[in-house]
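Please work through the exercises below with the sequence and the coordinates at hand. Each task is followed by a worked solution.

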Amino acid sequence: MTYRVAMAISGAVSLGSYEAGCVYELLNAFKEHNANPQNTPIEIDVLTGASAGGMTAAMIAQKLLYDKDALDGEESNVGYKAWVKSVDIDGLLMAFEGDNAKTSLLSNGFIKDIANKLILNRYAATPAPQERDPHTASAEFIRLGLAMSNLNGVDYNVQVFSYGTESLAQDTFTQTRHQDRFTEVLGWHSDTFSHWENITTASRACGAFPLAFSPIRMTRQWQHDDYKARDAVKFEENEFCFVDGGTFNNYPLGMAVDLAKMNDTENTDYKRRFYFYISPTKRESTANPTFNSDTSNLLEIAAQLGTSIFTQSGFQEWLIQAKNNALIIRLDEQAITLRDEFYLLSQESIAAEQAIITPLILQTFSGNNGDESYENAFARLAEQYAEDVKDKPLSPDAFKLWIDNIAVLEKSAELGLKDLKTIYTISADEDRLVGDLLQSFLGFFDEKFRHYDYQRGRLNAMHVINGILSGENTSEKGVKQLIPGEHLPLNISARDTSTLDAYFANSTLNKISVKDVDKPTRDRVFKRVKSRYYLIAKDSGLGWIIRTALWNFVVKQKVRKALYL
């Protein structure tokens, strides 16, 4: 038996450095735990990501499966190399082969070059890649999921009845979906250049932040489970244009749950399943109760509408999952109460109670097309709750009565096959990070900013680990935890945070603003924005007078203000 971990990593732009620090500490903890043969192993079998998180997920998946040493070293692991040492503003402003200046401000080729060095370099040697050396926390197979935004869209049909000129006729309701995904099952069989070239392309598409980077074209096939198995309308092999997955799904926890379900096939698998959700920013309210259309102009209304659409597109299952967890916990509490009552019942009373519940069973489970049958629900619940009667064993009749009552309660609450989920969330307070300024791009301006955020990720991950070790169910400052059930049974030493505590106590980087970046760097960014603006405006057909007026009276002021120039 093993404990299974699904890791979901959100979009972050330059705060990929924060996420890299979180991942480093979690992998260190799992490695220490698995080094003790007395411990039940912990394995990562699901990795999902959006935007920067998707690029990180792809790198980590490869290293877990084939190259464990690449995950070691506080400042030499692949996450640190990628997000602290490699990605900087100078490289992003360089011209690379294949860049399209008409569709992006920054260099796609630079990101491709980094991905080639950190992922595809494994296959540079001939005739075969290096020997596989998996991490102790790697499952034999890892499900990788990357959030994508498909500019072309894919159709999904629903058959409906439509009123025609003569009568009702069968018709089709079509909905085009732009929220897309790329999933693969990775293992020994996928250790090839062609396989990882495709994954590298998908990870770059996942992180192609709109306007900053050009869309990425990628060929997809309808037969893939991402389409056919999800009832997409059949299409011929097609080259779609993809942009940042965070546009529609910046919080890929739901995808992690979906992929984990494919591995958790036994009724009691949920008891050994744990989720880690990594995001540098907390999920906080974006509601605007002061907005008043009567006192707003057209541009302000349009801006608020744009914010509403973007926010709604990112609405995730967090509240739904929290509600499900609360209902499941309540169901478990009621189940224990019923167990204690049925334990004391006489055989006559059990028979009388069964006569009452049987008609309810028939009514509750009748007419539910496609839903779980009573027989299957009974077998599943009997297995799931078997542990709860070991200390207080029930007679066979009392046990059946007990499970029947649980089945009715569960069905009435529409919980069905939903399981309790233990989710650890590692986020940071807004004033604790450097790179969250300038729409989370500021980290690219200086390596010391990215190093700072990386160390913050390490510290916050340590807080979560120590919270797990101490059995806490409360949140520590800067670390949000949703822990409805039992903790992951880590058996390691507590993390020593003293060095990082001293580092942050003596640093003032989190107090800086954009104006603290050296002026030559800000000037270079300004010149890039200006040159790309004129190129794109001209290519879009705007006349010289219009594009010059827009620049001088609108765009220039906003850019200079953002860069403190």
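The model is predicted, so local features need pLDDT of at least 70 and side-chain atom pairs count only at pLDDT 80 or more, while totals for chains, interfaces and linings use all residues. Residues are numbered from 1 along each chain as its sequence is written, and side-chain values use heavy atoms, with hydrogens and water left out.

**Exercise 1. The chain as a whole**

Task: State how many helices and strands the chain has, and what percentage of its residues count as buried.

Solution. Step 1: the secondary structure comes from DSSP runs numbered from the N terminus, with helices as H or I of at least four residues and strands as E of at least two. On this basis there are 18 helices and nine strands. Step 2: buried means under 20% relative accessible area, exposed over 50%, and partly exposed in between, with a 1.4 Å probe and protein chains only. Of the 565 residues, 49% are buried. Step 3: a contact means heavy atoms within 4.5 Å. Among contacts in the chain with a separation of 6 or more, 77% come from residues 24 or more positions apart.

**Exercise 2. The cavities**

Task: Determine how many cavities of 30 Å³ or more the structure holds, and describe the lining of the largest cavity and of the second largest cavity.

Solution. Step 1: on a 1 Å grid over the protein atoms alone, a cavity is a set of points where a 1.4 Å probe fits but cannot get out, and its lining residues have an atom within 4 Å of a point. Grid points are joined across faces, edges and corners, and a volume is the space filled by probe spheres set on the points. The search finds five cavities of 30 Å³ or more.

Step 1: the largest cavity holds about 190 Å³. It is lined by 17 residues, and those closest to its centre are Met55, Ile111, Gly207, Ala208 and Phe213. Helices α2 (52–66) and α5 (108–118) are the elements that give two or more residues to this lining. For the classes, Ala, Val, Leu, Ile, Met, Phe, Trp, Tyr, Cys and Pro count as nonpolar, Asp, Glu, Lys and Arg as charged, and the others, Gly among them, as polar. The lining of the largest cavity then has 12 nonpolar, three polar and two charged residues.

Step 2: the second largest cavity holds about 120 Å³. Its lining includes Met55, Met59, Ala82, Trp83, Ile111 and Ser203. At least two lining residues come from each of α2, α3 (78–86) and α5, and α5 gives the most, with four. By class, this lining has 10 nonpolar residues, one polar and no charged.

**Exercise 3. Helix α3**

Task: Identify which residues of α3 are buried and what covers them.

Solution. Step 1: the buried residues of α3 are Val78, Gly79, Tyr80, Ala82, Trp83 and Val84. Step 2: their cover includes α1 (16–35), α2, α5 and α15 (447–470). Step 3: at the start of the helix, a side-chain oxygen of Asn77 lies within 3.0 Å of the backbone nitrogen of Gly79.

**Exercise 4. Aromatic pairs**

Task: Classify the pair formed by Phe96 and Phe110 as stacked, tilted or edge-to-face.

Solution. Step 1: rings of Phe, Tyr and Trp (its six-membered ring) pair if their centres lie within 6.5 Å; planes under 30 degrees apart count as stacked, over 60 as edge-to-face and the rest as tilted. The whole structure has 23 aromatic pairs. Step 2: the ring centres of Phe96 and Phe110 are 5.9 Å apart and the planes are at 50°, so this pair is tilted. Step 3: Phe96 lies in the loop between α4 (89–92) and α5, and Phe110 in helix α5, 14 residues apart. Phe96 is partly exposed at 24% relative accessible area, whereas Phe110 is buried at 9%.

**Exercise 5. Individual residues**

Task: Decide whether Gln439 and Ser440 are buried or exposed.

Solution. Step 1: Gln439 is placed in helix α14 (residues 437–440), and Ser440 is found in helix α14. Step 2: Gln439 has a positive phi near 55°, and Ser440 has a positive phi of about 70° although it is not a glycine. Step 3: Gln439 is exposed at 68% relative accessibility, while Ser440 is buried at 16%.

Definitions and conventions
On a 1 Å grid over the protein atoms alone, a cavity is a set of points where a 1.4 Å probe fits but cannot get out, and a pocket is an open set with protein on both sides within 12 Å along at least five of seven lines; lining residues have an atom within 4 Å of a point. A polar contact is a pair of N or O atoms within 3.5 Å; within protein, one must be able to donate a hydrogen and the other to accept it, and residues adjacent in sequence count only if both atoms are side-chain atoms.
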